[in-house]
Amino acid sequence: MNPIIIDATGLSCPEPLLRVHSYLLEPHNSLTVYVDNVASNENIARAARKHGWSVKVTEIDPSNPSNEYKNAMFKLELTK
Amino acid sequence: MFKNNFFASTAGIIFVGICIGIGALFLQFSGNPGNMGICVVCFERDTAGALGFHRADIVQYLRPEIIGLILGSFFAAKLFGEFKSRGGSSPIVRFSLGVIAAIAALVFLGCPWRAVLRLAGGDLNALVGLVGLASGIFIGVQFFKRGYSLGKANTQSAFTGYLFPLIACLLLALYFLFPQIEGEAKSGVLFYSTGGPGSMHAPFLISLGIAIVIGFLAQRSRFCTMGAFRDIFLFKYSHLFLGLFALFLTVLLGNLIFGGFKLGFEGQPIAHPDTLWNFLSMLTAGFAFSLAGACPGRQLFLGGEGDSDAAIFAIGVLVGAAIAHNFMTASSAVAIGTYGAQATIIGLVICFVIAFTHIKKGA
């Protein structure tokens, strides 16, 4: 399965989780999500763990110009 | 950061629900109106009255709860590094949804928080309202499933995010400049009710203090009454609902112990028994909350942490509450307002138009 990258920055509740959620129910083995707020980070991590995914969260500096996802604060790497 | 946030856990959200319940009970027994320990829409309505935006003389009081909820969230967001100035996601739509939500909620006489407080006091009209609320949210969820989105927000200048908490501070300053004078309907520029719900309030600093604590906890836990239902319909997740249910049980228990419980439809405090419009008004309000992404309480907390889209919704509620009284759409404790039914239907139609016109293909 190809790794899937989802840019959920700038979106407010419930849209970040909504974009990720259908993938969580499928047998993808790798999912990378960028979010720009702590609440979305918590929501996605909580939902992913509930569906048996392991979650690795990396904080990223939103002001770093090399940050390819504008304003992203967290990179969530979900694997199953 | 996720691991450290106790309030994001199941135990955390239940703890926050219990705390809000205790706070609401305490405020009610300290002088706030019946089954209205805390009500975001009612208190924004009273605030609009205090500022003279409407002149219904029984609902005018600069409610410190609103100020406290914003500032509590602001403190939490600053302390935990979550304050972030952001906005620009369809502001005029969010403003309109705030106006509609306030007008509709004032036909029922309460936001979702008060609906739960009313039910916990035995007011069965609130059960009708809550079924309406859930139905409205269910309709909103159908649009989210089809790609409804108000679009992305952007990071804004730091000052933009500070404006809403600053407005809260200015309101606080106004109160201290023009405090209530016993028996007087006006103090400087502020209006004060001498009778009716607006005259019933806990001591100012107690209200402010409790609201700051609630705002702080709600920011940490993301407590949201609309999200409680939405997440069940959309994701089958009960996380937020557990918080709301804990709030209900706490207040129910408190009312049973301290004698605030009276089961029935008739003679309930600041409520009318019009079943059809209790249902339809909360359906409209629930639809508007879901399209805007949060209940009126959560919009205040988001505004406190720098989200100016949420702040605009909250200001929409303030304006909508003023319209509700100026245009005679708000209900009294006896019956719905002269134009309450028409306003509810117009609001519902506008919500449908907003929903249909914001479905983004391929989202």
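How many cavities of 30 Å³ or more does the rule count? The count comes to one cavity.

## Basis of the report

The model is predicted: local features need pLDDT of at least 70, side-chain atom pairs count only at pLDDT 80 or more, and totals for chains, interfaces and linings use all residues. Residues are numbered from 1 along each chain as its sequence is written, chains are lettered from A and ligands numbered from 1 in the order in which they are written, and side-chain values use heavy atoms, with hydrogens and water left out.

## The contact between the chains

Chain A brings 29 residues to the contact and chain B brings 25, where contact means heavy atoms within 4.5 Å. The area buried between the two chains is about 2300 Å², and carbon and sulfur atoms give 55% of that area. Buried area is the accessible area (1.4 Å probe) that two parts lose on being put together, summed over both.

Three salt bridges are found across the interface of chain B and chain A; a salt bridge is a side-chain nitrogen of Lys or Arg within 4 Å of a carboxyl oxygen of Asp or Glu. The side chains of D36(A) and K84(B) also meet in a salt bridge, at 3.8 Å from N to O.

## The largest cavity

The largest cavity holds about 50 Å³ of space. On a 1 Å grid over the protein atoms alone, a cavity is a set of points where a 1.4 Å probe fits but cannot get out, a pocket is an open set with protein on both sides within 12 Å along at least five of seven lines, and lining residues have an atom within 4 Å of a point. Grid points are joined across faces, edges and corners, and a volume is the space filled by probe spheres set on the points.

Residues of both chains line the largest cavity, among them S12(A), C13(A), P14(A), R94(B) and F144(B). By class, its lining has seven nonpolar, two polar and two charged residues. Here Ala, Val, Leu, Ile, Met, Phe, Trp, Tyr, Cys and Pro count as nonpolar, Asp, Glu, Lys and Arg as charged, and the others, Gly among them, as polar.

The largest pocket has a volume of about 780 Å³. It is lined by 50 residues, of which C13(A), A39(A), S40(A), N43(A) and R298(B) are the closest to its centre. Helix 2 (38–50) of chain A gives the most to this lining, with seven residues. Helices (H or I, at least four residues) and strands (E, at least two) are DSSP runs, numbered from the N terminus. The lining divides into 18 nonpolar, 18 polar and 14 charged residues.

The second largest pocket has a volume of about 360 Å³. Among its 15 lining residues, L18(A), R19(A), H21(A), S22(A) and F144(B) are the closest to its centre. Helix 1 of chain A gives the most to this lining, with five residues.

## Backbone features

Most residues other than glycine have a negative phi, and most peptide bonds are trans. A cis peptide bond, with omega of about 5°, joins C13(A) and P14(A). P14(A) lies in the loop between strand 1 (4–7) and helix 1 (15–24) of chain A.

N35(B) has a positive phi, near 50°, and lies in the loop between helix 1 (10–29) and helix 2 (40–50) of chain B. L109(B) has a positive phi of about 85°. Both residues are buried (under 20% relative accessible area, with a 1.4 Å probe and protein chains only): the relative accessible area is 2% for N35(B) and 5% for L109(B).

Notes: Buried < 20%, exposed > 50% of the residue type's maximum accessible area, 1.4 Å probe, protein only.
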